[in-house]
Amino acid sequence: ADDDVVVISSQQNGGYSFGNNVGIKRAQCDGAQKILVLNPDVVFLNDVVSLLSDALANNPNVAIVGPRAIGPNGGDVGFIRKNYSVKFAIFDRKPLTGLARLFPQLDIYYRYPLDESRVFEGMVSGCCFMVETRLFFDLGLFDEEVFLYAEEYILGLKLHKRGLLSMYYPQARIIHNHGSSTKGTSSAFVNFHRY
């Protein structure tokens with residue numbers, strides 16, 4: 001029903017982190033116990049909310065849980081990221097990304113089988129994940145100094161500092177039409193914020 005949707009307007013475009021924080025603060029005021037962060041270009045393939053909620057509730061050492069993300073062509077697009085470091089920052093940029101594929105110790109991504117659940121140190125894909133509201137506020141929400149594209153790296157480091165883990169939960173499945181909300185993955189706008 002229309003009354004289940006609340007539209008919140010803002011006087012500024014503070015970017016992805018800012019916009020999410022506005023909604024998260026409203027959800028907390030409305031009594032939400034868990035937050036589902038979700039990009040606008042995501043489609044649920046099953047009962048993602050219940051599956052992620054159950055996974056979070058049944059794994060007390062897990063702070064954040066995310067689903068399997070599949071692209072429109074059927075390939076996996078949600079990856080399991082290690083915590084960012086200077087080493088990964090260097091080898092996560094072209095033309096050095098090819099070296100990271102040759103030397104696993106330089107790869108920012110864990111290369112686990114994507115059909116198995118996994119608890120790990122790092123961060124799930126930022127396109128869709130669930131976290132307890134109280135914990136998200138304790139972590140300081142999203143860093144509003146970041147306009148776009150580095151939010152999950154920062155969250156992974158915040159989790160690390162507290163000794164908390166993430167969980168990849170492929171039983172929950174989404175389609176992520178990666179880049180459709182920014183009109184592509186290699187526009188000048190995207191490249192400016194990514195690099």
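The sulfur of Cys127 lies 6.1 Å from the closest cysteine sulfur, that of Cys128, which is too far for a bond. A search of the whole structure finds zero disulfides (a disulfide being a pair of cysteine sulfur atoms within 2.5 Å). This is a predicted model, in which local features need pLDDT of at least 70 and side-chain atom pairs count only at pLDDT 80 or more, while totals for chains, interfaces and linings use all residues. Residues are numbered from 1 along each chain as its sequence is written, and side-chain values use heavy atoms, with hydrogens and water left out.

**Cysteines**

- Cys127 is buried at 4% relative accessibility, whereas Cys29 is exposed at 67%; buried means under 20% relative accessible area, exposed over 50%, and partly exposed in between (1.4 Å probe, protein chains only).

**Nonpolar cores**

- The largest nonpolar core holds 23 residues, and those with the most contacts inside it are Ile64, Phe129, Phe136 and Phe142; a nonpolar core is a set of buried Ala, Val, Leu, Ile, Met, Phe, Trp, Tyr and Cys residues joined through side-chain atoms within 4.5 Å.
- Two or more residues of this core come from each of helix H1 (15–29), strand S1 (34–38), strand S3 (62–70), strand S7 (128–132), H5 and H6; helices (H or I, at least four residues) and strands (E, at least two) are DSSP runs, numbered from the N terminus.
- Apart from it lies another core, of 15 residues, among them Val48, Leu56, Val65 and Cys127.
- In soluble globular proteins, nonpolar side chains tend to be buried together.
- Not counting residues up to four places away in sequence, Phe142 touches residues including Tyr16, Ile24, Val37, Phe129, Phe136 and Leu155 (contact means heavy atoms within 4.5 Å).

**Helix H6 and its surroundings**

- Glu151, Glu152, Tyr153, Leu155, Gly156 and Leu159 are buried in H6.
- These buried residues pack against H1, S3, S4, S7, H5 and strand S8 (165–176).
- Asn83, in the loop between strand S4 (80–81) and helix H3 (86–91), is buried at 13% relative accessibility. Among the residues it touches, leaving out those up to four places away in sequence, are Phe88, Gly156, Leu157 and His160.
- Leu141 sits in the loop between helix H5 (133–139) and helix H6 (151–161); Leu141 has a positive phi of about 55° although it is not a glycine, and it is buried at 6%.
- Gly163, which follows H6, has a positive phi near 70°.

**Salt bridges**

- The count comes to seven salt bridges, each defined as a side-chain nitrogen of Lys or Arg within 4 Å of a carboxyl oxygen of Asp or Glu.
- Arg81 and Glu152 form one of them (3.4 Å, N to O). Arg81 lies in strand S4 and Glu152 in helix H6, so the pair ties together parts that are 71 residues apart in sequence. Both Arg81 and Glu152 are buried.
- Asp107 pairs with Arg111 in a salt bridge, with the closest N and O atoms 2.7 Å apart. Asp107 is buried at 7%, while Arg111 is exposed at 55%.
- Glu132 and Arg134 form a salt bridge with the closest N and O atoms 3.3 Å apart, and a network of salt bridges links Glu132, Arg134 and Asp138.
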